[in-house]
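Below are some notes on the model, written as numbered points for a colleague who will want the cut-offs beside the values. Please read them with the structure open.

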Amino acid sequence: MDQHMSPCKTAATFAVLFGGMHLGWAILVALGFAQALMDFIFWAHMFSLSFVVKPFDITATITLIVITSAIGAIFGYFMAIIWNRLHRV
């Protein structure tokens with residue numbers, strides 16, 4: 001069984017995963033559901049922190065998605081390289 005991972009495909013996968021999660025968060029902020037979600041998460045984890053979700057900002061949203069997508073791509077690329085080196089036959 002071939003356990004080789006393509007670094008480029010893995011990078012793209014993680015870029016979409018990381019960027020997509022943050023796109024989902026931005027949508028929650030834009031729709032006004034983010035604060036309720038944060039409040040629920042903190043309640044469920046028995047935290048008592050005071051975080052306030054700020055109003056939607058398109059510049060911050062684009063920056064967040066681009067940076068997290070880039071980090072995901074870098075993470076995925078190097079993860080595949082490490083995986084391939086550890087699984088040499």
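1. Ala30 lies in helix 1, where helices are DSSP runs of H or I with at least four residues, strands are runs of E with at least two, and both are numbered from the N terminus. At 45% relative accessibility, Ala30 counts as partly exposed, a class that sits between buried (under 20% relative accessible area) and exposed (over 50%), with a 1.4 Å probe and protein chains only. Ala30 is 28 residues from Ile58 in sequence, while their C-alpha atoms are 9.3 Å apart in space.

2. This is a predicted model, in which local features need pLDDT of at least 70 and side-chain atom pairs count only at pLDDT 80 or more, whereas totals for chains, interfaces and linings use all residues. Residues are numbered from 1 along each chain as its sequence is written, and side-chain values use heavy atoms, with hydrogens and water left out.

3. The secondary structure of the chain consists of three helices and zero strands, in the order α-α-α from the N terminus on. Along the principal axes, the C-alpha atoms fill a box of roughly 50 × 30 × 20 Å.

4. Buried residues make up 19% of the 89 residues in the chain. Of the contacts (heavy atoms within 4.5 Å) between residues at least 6 apart in sequence, 81% join residues at least 24 apart.

5. Helix 3, residues 58-86, has 29 residues and reaches 42 Å from its first C-alpha to its last, close to the 42 Å expected at 1.5 Å a residue, the expected span being 1.5 Å times one less than the number of residues. Its buried residues are Thr61, Thr68, Ser69, Gly72, Gly76, Ala80 and Asn84, and the buried residues of helix 3 pack against helix 1. An α-helix has 3.6 residues a turn, so residues three or four places apart point the same way.

6. Which residues does Thr10 touch, not counting those up to four places away in sequence? They are Met5, Gly76, Met79 and Ala80. Thr10 is found in helix 1, residues 7-31, and counts as buried because its relative accessibility is 7%.
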